[in-house]
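Here is a short report for a reader new to this structure. Look the model over, then read on.

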Amino acid sequence: MSASLNQAPLPVWTAVDDYINAHYVQPDQILDSVLISAAEGGLPPHSVAPNQGKLLQILIQISKSARILEIGTLAGYSTIWMARAVEHLPGGRVISLEVNAHNAQIAKANIELASLSQVVTIMVAPALDSLDQLIQNKEQFDFIFIDADKPNNPNYLQRVLKLSHAGTVIVADNIVRDGKVTDAASTDPNVIGVRAFNDALSKISYVNSTQVQTVGSKGWDGFGLSLITADPPK
Ligand code: DHB
Ligand code: MG
């Protein structure tokens, strides 16, 4: 068993995801077409799984979040899941940051298809620049999903705190990376980024965090979950 954990995801994990989705995720032609557009556009298969998209949606509902920030749009798959959680709320909106103009073009078409253009804004620029602009504009968010280039995770964290208030929820994707996260000697910039993110996050007094490993159609990975417990210094 231990040897196989470092290899491709066991088909049974995908079968279990399919089983879960068959029970709890409604068939959805729009979301299906988002994934097709991503594949046809040559985007990497890094969209969250359907049951993970629904998890994001439920976390937004539990936390009564309305103002959502996403770092890393890709084709807009998770964007749509999150936007649907807030589209009918007062002040409900999603700002999603995407560096790649090709990705953003595909995502915008998908957001349009999902009739969410009034709710979602995609900022097309390096995310650090967009974050600095949001900070300058004194924007605040209730729920923040970090799912972009992992080497920048510590830099994203530093900025995201300035966009948070007491009660803000921060979710980070891909915090396990097939278990590579435990390798302190890793030279993989993604692993270094996730580890630096953890080292910084775990030292901040006003954030209450945990992480959970996951297996499923996306392989072996995990989500980080953080609650801001007091207004961060601005
Ligand atoms: C990668 C990035 C992701 O956001 C993801 O969900 C899976 C993999 C990657 O960069 O390899
Ligand atoms: Mg991801």
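## Basis

This is a predicted model, where local features need pLDDT of at least 70, side-chain atom pairs count only at pLDDT 80 or more, and totals for chains, interfaces and linings use all residues. Residues are numbered from 1 along each chain as written, chains are lettered from A and ligands numbered from 1 in written order, and side-chain values use heavy atoms, without hydrogens and water.

## Around ligand 1

The side chain of Arg-177 has an N or O atom 3.2 Å from a ligand 1 oxygen. For His-46, a backbone N or O atom lies 3.3 Å from an oxygen of ligand 1. Polar contacts are pairs of N or O atoms within 3.5 Å.

Strands β2 (residues 93-98) and β3 (residues 120-124) pair in parallel over five bridges (pairing takes at least two DSSP bridges). Glu-98 has Val-124 of β3 as its bridge partner. Strands are DSSP E runs of at least two residues; helices are H or I runs of at least four.

Technical notes: A polar contact is a pair of N or O atoms within 3.5 Å; within protein, one must be able to donate a hydrogen and the other to accept it, and residues adjacent in sequence count only if both atoms are side-chain atoms.
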